[in-house]
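Visitor: I have a structure here and some questions about it. Could you take me through a few of its features?

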Amino acid sequence: MPMCRCAEFQKAPPPGFLDRSSTVFANWRASTMTPRTGNASAPSAAAGGATESTASERAADRAFVEGLEGRIEGMQAQILELQLAVGALHREKDLVQGRLDAYTYPVLTLPNEIISEIFVRFLPAYPHRSPLIGPNSPSLLGQICRTWRNIALSTPELWRAVKLTLKKKRRFEQQSRLLETSLERSGSCRLSIELRFRRSDADRATWELPFLQTLARHCARWEHLKLYMSTNSLSSIEGPLPLLRCFQIGMFGGYPDAQHSSTSAFLMAPLLSRVHMQSYLNSHFSILPWSQLTVLTVEWIAGHQFMDVLSCAVNLVFCQFSFYDLSIDRQPRKDVALPSLETLILSESLIRSRQLGGLQLLTLPALRRLQVAEPFLQPDPIGTLVALVSRSGCILQELCITSSSLSSDVYRTALPSVASFIFDGQLDIDDLDDVLFGLWDNASGDSDSETDSEGDEESSDESD
């Protein structure tokens with residue numbers, strides 16, 4: 001049976017069968033196949049199977065594929081070449097970085113003690129003060145690297161001389177913390193402090209107190225103190241002040257003749273010898289140990305207070321006064337002798353002054369340098385000076401006359417023993433801070449031996 005069927009299948013198809021099959025196949029092909037488009041150089045677009053093409057089209061497709069393969073091989077070769085170049089650069093970079101990592105900058109090879117000493121010399125020499133932040137401050141040294149910051153923070157000498165000006169109330173807490181931190185970092189060093197409050201700040205009297213209280217906790221270490229504040233804040237300072245040598249005070253908020261708050265702290269300062277006052281107030285008379293003072297400068301003082309001060313400060317070596325008022329003082333005065341006074345400077349402030357009463361009562365046997373405004377010597381400038389020199393028996397080396405109306409020859413003729421006259425300038429005095437710090441050479445040309453010994457003592461104390 002199967003053989004018969006195979007035989008039947010092998011027979012010729014019935015009539016019309018081939019024609020009908022061709023028609024069906026053609027219809028199917030038309031519905032499923034996409035006609036070929038484009039030029040011979042582009043690849044054929046096939047969808048789901050074989051594509052009817054000519055021999056030339058197939059040859060073009062084969063050539064196109066070969067071209068792409070060549071381009072791919074070229075790019076792969078370029079990628080490999082770039083990868084090799086990048087690898088070489090990485091190796092070169094690692095080599096150079098290794099040399100840099102192995103290099104030690106010479107300054108970092110110095111012992112910490114040497115770096116610390118360099119830092120100390122970077123700042124103004126003690127007791128001159130530097131700001132706590134910004135240029136020339138100890139904080140700047142801590143911004144270079146971590147090592148230097150650690151050295152700066154562990155060097156108490158960098159923080160012992162500080163200057164802080166309180167400019168804006170809104171920064172009150174920040175500035176307070178800054179001051180407290182600096183004082184803590186100073187360890188056990190002696191302190192040179194400058195604290196300024198702005199006159200224009202409203203309500204300053206209430207927020208001065210916390211700053212002064214912060215300072216007061218370290219008052220046993222005060223050596224040089226400069227305060228500019230309102231008149232009623234001085235009472236917040238309490239003693240004793242065992243190391244204080246120099247005190248500079250500027251006060252605002254009251255009249256010179258008014259009574260203001262006071263303190264006895266400075267009477268418990270056995271080493272206090274140098275004082276500067278921006279303006280002399282009546283309340284100052286009871287707060288200072290006048291007999292201890294060797295240097296006194298006052299920028300603003302009345303003529304009638306002049307002799308009151310000198311009668312108490314009998315051990316002065318350097319004295320400078322600037323007068324704002326020379327009203328007639330009818331109170332009887334006694335003669336005043338200042339056996340150690342070598343330099344006396346009497347100048348005008350704001351207004352041209354009249355005769356200064358009291359000069360005829362002074363005896364100054366050690367006087368070497370004198371600067372005085374000519375109106376103070378009226379009505380007889382020459383006679384007043386000759387009498388002063390004769391009465392004192394002093395050897396006057398420099399005489400400076402300001403606001404002079406007399407001929408210089410008149411003075412030279414009347415005082416032939418004076419070695420040097422100045423009529424168009426002032427005495428050559430070093431910076432006021434140097435005078436107050438004891439860094440000034442006195443009239444005899446010798447440096448302050450007391451300061452030298454103090455410095456040695458300080459160094460030994462701090463090294464301990």
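Visitor: Which element gives the most to the lining of the largest cavity?

Guide: Keep in mind that this model is predicted. Strand S10 (343-348), strand S12 (369-373) and helix H10 (381-392) each supply at least two residues of that lining. With 3 residues, the element that gives the most is H10.

Visitor: Where does Pro127 lie, at the peptide bond from Tyr126?

Guide: The peptide bond from Tyr126 to Pro127 is cis, and its omega is near 10°. As for Pro127, its place is the loop between H4 and strand S1 (130-131).

Visitor: Is Asn136 buried, partly exposed or exposed?

Guide: Asn136 lies in the loop between S1 and helix H5 (138-141). Its phi is positive, about 60°, although Asn136 is not a glycine. Buried means under 20% relative accessible area, and exposed means over 50%. Because its relative accessibility is 45%, Asn136 counts as partly exposed.

Visitor: What relative accessible area does Ser403 have?

Guide: Ser403 belongs to the loop between strand S13 (398-402) and helix H11 (408-414). Ser403 is not a glycine, but has a positive phi of about 55°. The residue is classed as partly exposed, because its relative accessible area is 30%.

Visitor: Why does Leu108 count as partly exposed?

Guide: Leu108 is found in the loop between helix H3 (55-102) and helix H4 (112-122). The partly exposed class runs between the buried limit of 20% and the exposed limit of 50%. Leu108 is placed in that class because its relative accessibility is 44%.

Visitor: How much accessible area does the surface patch with Leu108 have?

Guide: The patch is nonpolar. Leu108 forms it together with Tyr103, Tyr105 and Val107. Their accessible area together is about 410 Å².

How values were computed. Residues are numbered from 1 along each chain as its sequence is written. This is a predicted model: local features need pLDDT of at least 70, side-chain atom pairs count only at pLDDT 80 or more; totals for chains, interfaces and linings use all residues. Side-chain values use heavy atoms; hydrogens and water are left out. Patches are made of residues with over 30% relative accessible area and no salt bridge: like charges are joined within 9 Å, nonpolar side chains (Val, Leu, Ile, Met, Phe, Trp, Tyr) within 5 Å. Accessible areas come from the Shrake-Rupley method with a 1.4 Å probe; for residues, only the protein chains shown count as cover. A salt bridge is a side-chain nitrogen of Lys or Arg within 4 Å of a carboxyl oxygen of Asp or Glu. Helices (H or I, at least four residues) and strands (E, at least two) are DSSP runs, numbered from the N terminus. Buried means under 20% relative accessible area, exposed over 50%, partly exposed in between (1.4 Å probe, protein chains only).
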